[in-house]
Amino acid sequence: MANKNQELFRKIPAVDRLLLAPIMNEALALHPRPLVLKAVNQILDELREKIQTSEIIMETDLDLEPVSALVMARLNQIAKPSLIPVINATGVVIHTNLGRSLLAESVLKKFAPIAGGYSNLEYDLVRGERGSRYSHVEEILKELTQAEAAMVVNNNAAAVLLALDTLAKGREVVISRGQLVEIGGSFRIPDVMRRSGAKMVEVGTTNKTHLRDYEEVIGPETALLLKVHTSNFQIVGFTEELSVSELAGIGNRHGIPVMEDLGSGCLVDFSEYGLIKEPTVQEVLSQGADLVTFSGDKLLGGPQAGIILGRKDLVEAIRKNQLSRALRIDKLTLLALEETLRLYRDKRTAIEKIPTLRMICETYSSLNKKAGRLMRLIGSMDSNNFSIELIDGGSKVGGGALPLLELPSRLICLSPKAASAQFMERWLRSYDPPVISRVEKERVLLDVRTIKEGELKTVAQAIRALAEPLVVNKCH
Ligand SMILES: *Cc1c(COP(=O)(O)O)cnc(C)c1O
């Protein structure tokens with residue numbers, strides 16, 4: 001065995017010899033030499049490893065031709081960009097793993113001149129001196145929400161951290177036990193609180209927190225009353241929470257500010273569109289919250305950002321915090337945020353032009369028509385791999401907004417005949433471009449709500465390709 005391995009090791013082509021292979025000339029013409037060498041070294045290392053673990057036993061596997069073919073394939077793989085577009089067929093509109101909100105067309109058009117040129121980012125054109133980057137969204141945020149003051153940072157996690165650090169470092173923050181939430185892995189309210197140096201004072205129980213619970217713990221060290229939107233879960237049944245106005249009442253009596261982390265934070269009242277009522281940012285502010293924070297890329301439908309609105313003195317203090325420099329918003333985000341906010345000046349325009357809002361509000365009948373178009377593009381098929389039908393199902397808003405809400409939708413349903421649903425899901429995911437679907441009860445579901453009109457053709461092609469007899473036999 002050891003001898004056999006020795007022989008195989010000797011058979012591995014040397015780097016120089018490999019580079020002289022005809023196909024490598026082509027590689028060197030297309031790619032920088034260090035990249036070619038990286039691919040060569042990766043493949044050679046893997047071959048050695050495979051010999052070691054006895055995965056390779058044939059000498060012919062180590063001929064110049066198969067090895068250079070492996071190098072070529074690897075080179076194509078590593079030369080490709082990592083961040084690529086995918087088709088979201090999951091029906092989750094604000095899908096955090098797939099990049100949350102899509103920006104409106106009118107927003108995208110503004111990118112080139114600002115990204116590729118100088119701008120008045122921090123330059124006051126009237127006075128000819130240094131200005132503030134926040135000025136570009138401050139007025140419009142105030143106009144849309146009636147807030148006294150506004151400030152924006154990198155994301156909502158940063159907004160919460162910065163607000164706590166500014167207002168409550170070394171002091172106490174009172175929060176209901178029912179709101180000590182974790183929002184997807186890295187953001188947990190108790191941890192953020194610790195990071196900010198604020199001391200968390202928990203009140204009430206998981207399901208019920210009363211006014212007297214707050215009153216009992218308030219003292220000279222209390223710096224802030226915090227309310228957190230529970231976002232991705234709901235406690236139902238025997239529950240009680242204080243409303244913002246009740247909290248504001250307590251805050252007022254004791255001279256303590258009240259802050260609400262709204263999470264998604266929407267500017268339009270979705271109940272007007274037949275959906276569940278979420279308190280809007282305007283409402284929360286008018287009910288007496290001194291400060292609210294929310295994300296730019298959840299229900300707002302803009303870029304990743306954290307928006308802080310509220311009392312002028314508090315926002316001023318937050319802006320002056322040294323930490324804000326580390327959490328600041330970049331110019332392209334600021335541009336996207338301003339342009340998205342401008343669309344909100346007319347509610348109809350916002351719902352038509354902002355993809356997140358448009359997708360959430362798309363009606364069943366419109367989705368049904370879209371699904372019909374997709375089925376026609378797929379055409380008739382008689383595949384041994386799966387059967388295909390249109391079914392009713394539910395889409396999700398996602399992003400921690402309206403967690404229990406199912407938006408009625410139309411879904412393409414692939415019921416497997418030859419391969420498993422998991423195999424088909426994986427196959428669609430490895431398509432170029434990747435099509436992300438979901439598996440439910442051993443079926444692959446593709447929800448048309450989150451598939452863009454211009455993507456229907458590609459999805460149809462992917463499904464037709466998956467129907468080919470070869471696909472399952474070859475890869476299973
Ligand atoms: C999503 C969310 C956050 C984090 O917001 P990011 O913009 O992702 O940083 C914080 N708090 C709540 C309640 C949330 O829902």
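In this predicted model, an N or O atom in the side chain of serine 295 is 2.6 Å from an oxygen atom of the ligand. Taken alone, the ligand exposes 380 Å² (accessible area by the Shrake-Rupley method with a 1.4 Å probe), and the protein buries 94% of that. Ligand oxygen atoms also lie 2.8 Å from a backbone N or O atom of alanine 157 and 2.9 Å from a polar side-chain atom of arginine 100.

The residues around the ligand, each with a heavy atom within 4 Å of it, include Asn155, Asn156, Ile183, Phe187, His229 and Lys298. By class, this shell has 3 nonpolar, 6 polar and 3 charged residues. Helix H9 (156-168) and strand E9 (258-263) each supply at least two of the shell residues. Helices (H or I, at least four residues) and strands (E, at least two) are DSSP runs, numbered from the N terminus.

Aspartate 297 is found in the loop between strand E10 (291-295) and strand E11 (306-310). Aspartate 297 counts as buried because its relative accessibility is 8%, where buried means under 20% (1.4 Å probe, protein chains only). Leaving out residues up to four places away in sequence, aspartate 297 touches (heavy atoms within 4.5 Å) Ile94, Arg100, Ser101, Gly302, Pro303 and Gln304.

Residues are numbered from 1 along each chain as its sequence is written, and side-chain values use heavy atoms, with hydrogens and water left out. Because the model is predicted, local features need pLDDT of at least 70 and side-chain atom pairs count only at pLDDT 80 or more, while totals for chains, interfaces and linings use all residues.

How values were computed:
Buried means under 20% relative accessible area, exposed over 50%, partly exposed in between (1.4 Å probe, protein chains only). A polar contact is a pair of N or O atoms within 3.5 Å; within protein, one must be able to donate a hydrogen and the other to accept it, and residues adjacent in sequence count only if both atoms are side-chain atoms. Ala, Val, Leu, Ile, Met, Phe, Trp, Tyr, Cys and Pro count as nonpolar, Asp, Glu, Lys and Arg as charged, and the others, Gly among them, as polar.
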